[in-house]
Amino acid sequence: MAVSSFVLAQRQLVAETEDLATAQMFTNAANLNRALDVVGSDIPALLEGLRRPNNAKVLLLLGDGEPRSLSGLVIEDIPDDLRVLVRSGNAASKRFRTNEGAQFVTGVRIERTGAEYYEILPLTETEGTLATLRRILIGASATATILGAGLGYYFARRILQPVASAAQAAEAIAGGDFDTRLDDQSDPDLSKLTRSFNDMVEALRLRIERDARFASDVSHELRSPLMTLAASVDVLEHRREEMPESARRATDLLSKDLMRFQRLVEDLLEISRLDAGAVRLDYDTFGVIEFLERVVAQSRTPGVPVESDEAGALILEADKRRLHQVILNLLDNARKYAGGATLISVTKRGDSVRICVIDNGPGVAPADRLRIFDRFSRAGSDAGRRDVATGVGLGLSLVAEHIRLHDGKIWVDGVTPTGTGARFVIELPGLEVDVTGELEELAL
Amino acid sequence: MGTHILTVEDDERIRQAVKLALEEEGWTVTEAGTGESAMDSYTSNPPDVVLIDINLPGMDGFEVCRQLRRESDVPIIMVTARADTHDVVAGLEAGADDYMTKPFAPKELSARIRAMLRRSRNAEQGNMQRVKVGELEISPEEGVVMQGDTEVHLTKTEFKLLCELASQPGKVFSREVLLERVWGYDYFGDGRLVDVHIRRLRTKVEPDPASPRYVVTARGLGYKLQP
């Protein structure tokens with residue numbers, strides 16, 4: 001706005017000055033025209049007698065080519081293009097710039113004598129006025145801008161502050177801090193929002209607590225009968241040889257399904273603990289290769305080779321007990337659906353370790369590769385690629401949850417281009433390579 | 001007389017089933033349904049191993065454990081509901097030697113009990129030389145640890161742990177190795193067993209347990225006896 005004001009004022013002022021100068025020039029030229037008729041008139045006196053507002057300089061170029069001027073104006077001061085115009089009989093004007101500042105020149109040819117008449121008006125005064133105006137405008141608009149920005153910022157903050165703290169609170173709550181509440185607001189609209197936000201958080205907290213308590217109650221309630229069952233079945237197994245054939249078979253069935261039931265209960269409880277955010281990882285530092293070899297040795301497919309190209313010892317910081325479950329689950333999965341894993345390969349990727357459990361089975365169809373980590377999903381049960389009769393689809397979802405807790409990644413892809421063979425890939429952060437041989441200090 | 005086990009558990013059916021399973025191993029089992037009756041039973045008929053459920057009405061399992069520890073170093077196995085709670089650490093700090101989570105396989109319990117019995121029978125390490133580090137003197141043969149002129153009283157498990165570390169002073173023992181040698185666990189035993197026992201050991205043998213002089217931690221690797 002300041003800019004357009006300035007431009008308008010500038011145009012107006014310059015145009016007025018120029019109009020005035022042009023009018024004066026025409027008047028002067030007409031007067032000269034009359035005076036030049038009188039032979040022997042005193043030209044310098046004539047020029048002196050002209051009205052020259054604002055110290056305009058004048059130059060009269062008579063038909064004989066002799067220049068007469070006041071204030072030391074010479075013909076070279078007149079811009080050439082203007083002279084051409086004037087000589088051809090036109091009245092002309094032009095704004096131009098010398099080292100003395102902006103100038104306005106007007107010129108006209110006095111038809112009868114062939115004389116040329118020029119006036120040059122310095123625009124310094126106008127420019128001075130404009131400069132002052134510009135300074136005022138710039139100052140005013142700068143002040144207005146700063147003041148406006150300051151006020152705008154202040155009010156925006158005042159208005160947005162509650163929104164910002166709500167966002168902060170929501171973030172804290174998402175992070176598990178359910179004691180977070182918003183401060184009371186004086187604004188009635190905001191205070192309504194604050195109240196319902198706080199009510200919502202409280203409801204959420206109660207619900208999560210109830211869920212967690214439920215999980216732990218169920219856990220306790222289920223554990224007790226399972227304990228009695230486990231101990232009783234153990235006694236039956238001890239006495240297995242003394243039983244008649246049918247009782248023996250019944251005992252075996254009981255024992256096997258009790259194990260399955262126990263696994264399922266454990267998995268379900270672990271999942272509900274995970275859902276309640278009640279699982280804390282117990283970090284331990286250990287060598288990856290040795291760890292994997294031990295897991296494999298304990299699994300039901302103890303012959304699976306563990307391979308790595310790394311020279312130094314790969315030391316990982318992770319929850320050993322849970323990672324043990326993860327690897328056992330993957331080995332178990334390979335055993336059930338692919339006749340057992342064929343290889344576990346370990347590679348280092350920056351400060352992460354990548355553990356691949358590879359099998360030779362029918363593979364996982366691309367469409368199932370995400371779904372397979374869902375709870376109770378059995379990939380491709382329609383296509384019959386995986387045996388429906390075995391396992392309950394919790395293992396892989398637990399695996400995925402545990403890896404997620406470790407800030408790691410898990411996915412499955414195919415081994416061959418045609419998609420047969422499955423490769424379950426786990427990527428876990430927290431890897432260090434020990435090349436110093438510090439481990440050799442260990443008593444073995 | 002055979003091995004005598006005291007099981008403290010408030011759920012009667014569990015108590016009966018566990019008793020039956022342990023009796024299959026040829027052991028004598030005494031039952032107690034509350035902490036108070038467990039203490040009475042302990043005094044009148046001292047067992048070789050005590051199995052305590054943490055969730056007891058009235059006097060809880062931790063308290064039973066603490067009271068037992070005040071008068072005896074009988075091997076104690078805690079039974080907790082879950083492995084990943086503070087209960088495990090609290091139970092070990094109360095003086096338990098080992099723990100099991102419900103529902104456990106009775107075979108696993110029997111294996112743990114056998115490991116404990118072995119530990120208490122050869123707590124005296126017959127073939128080990130006397131070790132002296134600073135003011136601390138360990139005599140494996142007599143099963144005695146002296147701190148200057150005073151005898152330090154250790155439980156069988158603490159003593160066995162210290163003897164393992166003292167067998168190669170200056171060498172770092174990983175948790176896995178200690179779990180295997182002291183508790184008879186495989187590689188996947190719970191490292192917290194070692195950590196809490198080391199802590200307990202330090203309160204007994206270290207002049208300043210907060211900045212240990214003898215039983216030192218090798219960060220990320222394990223523990224060693226500083227020569």
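In the predicted model, the contact between the two chains draws on 28 residues from chain B and 24 residues from chain A, two residues being in contact if their C-beta atoms, placed from the backbone, lie within 7 Å. On the side of chain B that touches chain A, the elements giving two or more residues are helix 1 (12–24) and helix 5 (106–121) of chain B, and helix 1 of chain B provides the largest share, 7 residues. Helices (H or I, at least four residues) and strands (E, at least two) are DSSP runs, numbered from the N terminus. By class, this side of chain B comprises 15 nonpolar, 5 polar and 8 charged residues, where Ala, Val, Leu, Ile, Met, Phe, Trp, Tyr, Cys and Pro count as nonpolar, Asp, Glu, Lys and Arg as charged, and the others, Gly among them, as polar.

Chain B contains 8 helices and 11 strands. Among its contacts between residues at least 6 apart in sequence, 53% join residues at least 24 apart.

Within chain B, helix 6 (residues 156–167) packs against helix 8 (residues 191–205) at an angle of about 90°, with the axes 10 Å apart; the two helices are therefore roughly perpendicular to each other, a term covering angles of 65 to 115 degrees, taken from 0 to 180 degrees between N-to-C directions of lines fitted to C-alpha atoms over the stretch in contact. B:Thr157, B:Glu158, B:Leu161 and B:Leu162 of helix 6 meet B:His197, B:Arg200 and B:Leu201 of helix 8.

Residues are numbered from 1 along each chain as its sequence is written, and chains are lettered from A and ligands numbered from 1 in the order in which they are written. Because the model is predicted, local features need pLDDT of at least 70 and side-chain atom pairs count only at pLDDT 80 or more, whereas totals for chains, interfaces and linings use all residues.

Methods: Parallel < 35°, antiparallel > 145°, perpendicular 65-115°, else oblique.
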